[in-house]
Amino acid sequence: MVGIPGSRFIGHDGAALSGLLFVLALVALLGACSRDDPNEPVVPSMEGADEDLLGLIDDLVSSVRTAPDSGDLRGRLAMAYDVNGFDTAAIATYRQAQSLAPEEFDWPYFRALLHGKEADFDDALTALDEAFAIDADYAPAWLWRGAWLLEQARYDEARAAYERAREIEPKSPASAGIAQSLLRQERFEEAIAVLEPVVDRIPHPHVQRMLGEAYRAVGRTDDARIAMARGRVGHVIQWTDPRVARKAEYVGGFGRRLIRGQDLIKANLPHKALEVMKPLQEWKPDDEGLISNLSWAYKSTGNTDKAVEVLKRGIEVHPHQFRFHLALADVYRDVGDDERLTHHVELALKGDPTNAWAHEQLARIAMQEQRYDDALASYDVALQGGTDNQIEVLYTVGAVEGSRERWPQCIERFQRLVDVDISIAKGHIGLGLCLAEVGRFEEARDAFAWAERIGTHPDELARARQQLAVIEARDA
């Protein structure tokens with residue numbers, strides 16, 4: 001016979017058993033409530049995280065458990081999840097923070113940004129509306145609203161959002177968003193009317209490309225070619241978002257802190273970058289990325305001695321890493337030590353024989369020493385290697401050929417320049433002068449007409465036309 005476990009105790013000890021069962025049931029119930037508690041801290045899998053990040057998250061979770069009703073502490077945990085790549089946990093924790101501190105703008109706003117990052121635009125806009133209910137005068141939030149509405153092809157609403165952003169912050173890039181919504185609706189003349197007054201105030205390639213697109217659509221072909229050339233390179237328009245900056249202090253882990261330091265250098269905050277990166281030397285002092293970025297930060301602060309020290313250490317532990325020689329050459333260029341610069345450039349070229357920047361430095365020194373053939377040879381290697389300074393190099397080699405009165409070569413160089421970028425007025429002026437020297441006067445006038453249309457160097461153009469008249473009179 002199968003009995004009921006514990007049935008033999010029923011009788012004189014029945015009350016004790018009933019009490020025990022009640023306690024166990026209560027414990028089970030409390031456990032279930034804890035699991036179902038909407039404010040129980042979210043803790044994602046941290047597999048692969050380094051000790052620094054694990055420690056940061058553990059401290060924040062402990063703080064939340066100590067003060068479970070604190071919206072601020074919950075928001076800090078959410079920001080840590082956010083900036084360290086735990087997006088799902090961050091979204092859930094921002095929701096918790098918002099429920100605990102419904103007056104705080106940042107929690108629904110940061111959640112909106114995460115939804116937008118994941119292209120979940122409906123949820124992003126919903127969260128943004130919740131943030132606007134707290135503060136409707138934050139311009140970057142309206143810029144994001146415009147961007148997300150554009151993604152949903154809700155062009156009139158997007159334009160209204162951008163107009164609100166421009167109203168709050170006239171210096172924001174909102175006009176570019178307004179123009180983008182008009183272009184999507186093929187309202188090209190209206191887009192031109194928006195862009196032309198701001199194209200110089202928002203010097204971004206994307207603005208030029210939009211203007212070029214609009215010009216082309218209305219048949220202004222030459223203006224379109226110039227605008228498209230000016231916008232030939234560039235990324236999408238970005239804007240400053242001060243509220244997002246508060247998340248930076250919660251960056252954890254070696255790699256993410258290193259990236260944070262690099263971002264601070266790019267933002268022209270090298271002293272802040274050093275604060276972030278110097279402690280990383282205790283973890284991985286010989287890491288190549290850390291060495292590169294530390295030297296960059298020291299150089300940016302003007303501490304060239306420390307930059308040299310870091311790079312020499314890098315060469316010592318990574319003797320075949322040619323980029324440390326390039327970085328040292330760059331430091332020596334800043335202090336005017338061409339001898340050491342040349343030494344390290346030559347060492348770098350052993351590892352990367354076609355490095356464009358290195359050949360540009362050799363060309364610059366050759367120019368100073370009037371070794372023009374050597375300079376042209378180095379510049380040509382730089383051009384073949386894909387120099388970032390293609391326009392400057394092409395103009396320089398054209399000017400060198402002109403100074404030597406090698407007119408066919410001069411024409412070839414300047415023609416290549418204006419073929420690469422038709423918006424460079426000085427290229428057209430140089431081309432026109434070379435053409436004049438070989439008697440191709442009508443072509444010279446055409447080149448000057450292009451320079452006039454571009455309109456950036458009127459004084460140089462006036463002098464070039466005077467020189468053309470002198471050459472014509474000379475050759476008459």
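I looked up the burial of helix α9 and listed A174, S175, A176, G177, I178, A179, Q180, S181, L182 and L183 as its buried residues; buried means under 20% relative accessible area, with exposed over 50% and partly exposed in between (1.4 Å probe, protein chains only). I worked on a predicted model, in which local features need pLDDT of at least 70, side-chain atom pairs count only at pLDDT 80 or more, and totals for chains, interfaces and linings use all residues. Residues are numbered from 1 along each chain as its sequence is written, and side-chain values use heavy atoms, with hydrogens and water left out. I took helices as DSSP runs (H or I, at least four residues), numbered from the N terminus.

Just after α9, I found E186 with a positive phi of about 60°.

**Entry: α9 against α11**

I recorded that the axes of α9 (residues 174-184) and α11 (residues 205-217) come within 11 Å and cross at roughly 30°. Axes are lines fitted to C-alpha atoms, for helices over the stretch in contact, and angles run from 0 to 180 degrees between N-to-C directions. The two helices are therefore roughly parallel to each other (angles under 35 degrees). From α9, A176, Q180 and L183 make the contact, and from α11, H206, V207, M210, E213 and A214. By class I counted five nonpolar, two polar and one charged residues; Ala, Val, Leu, Ile, Met, Phe, Trp, Tyr, Cys and Pro count as nonpolar, Asp, Glu, Lys and Arg as charged, and the others, Gly among them, as polar.

**Entry: α14 against α15**

I found α14 (residues 270-277) and α15 (residues 288-301) packed at an angle of about 145°, with axes 8 Å apart. P270, H271, A273, L274 and M277 of α14 meet L290, N293, L294, A297, Y298, S300 and T301 of α15. This contact divides into eight nonpolar, four polar and no charged residues.

**Entry: disulfide**

I searched for pairs of cysteine sulfur atoms within 2.5 Å, and the count came to one disulfide. It joins C410 to C434, with S to S at 1.8 Å. C410 lies in α22 (residues 407-420) and C434 in α23 (residues 425-437), so the pair ties together parts that are 24 residues apart in sequence. I noted both C410 and C434 as buried.

Key. Parallel < 35°, antiparallel > 145°, perpendicular 65-115°, else oblique. Contact = heavy atoms within 4.5 Å.
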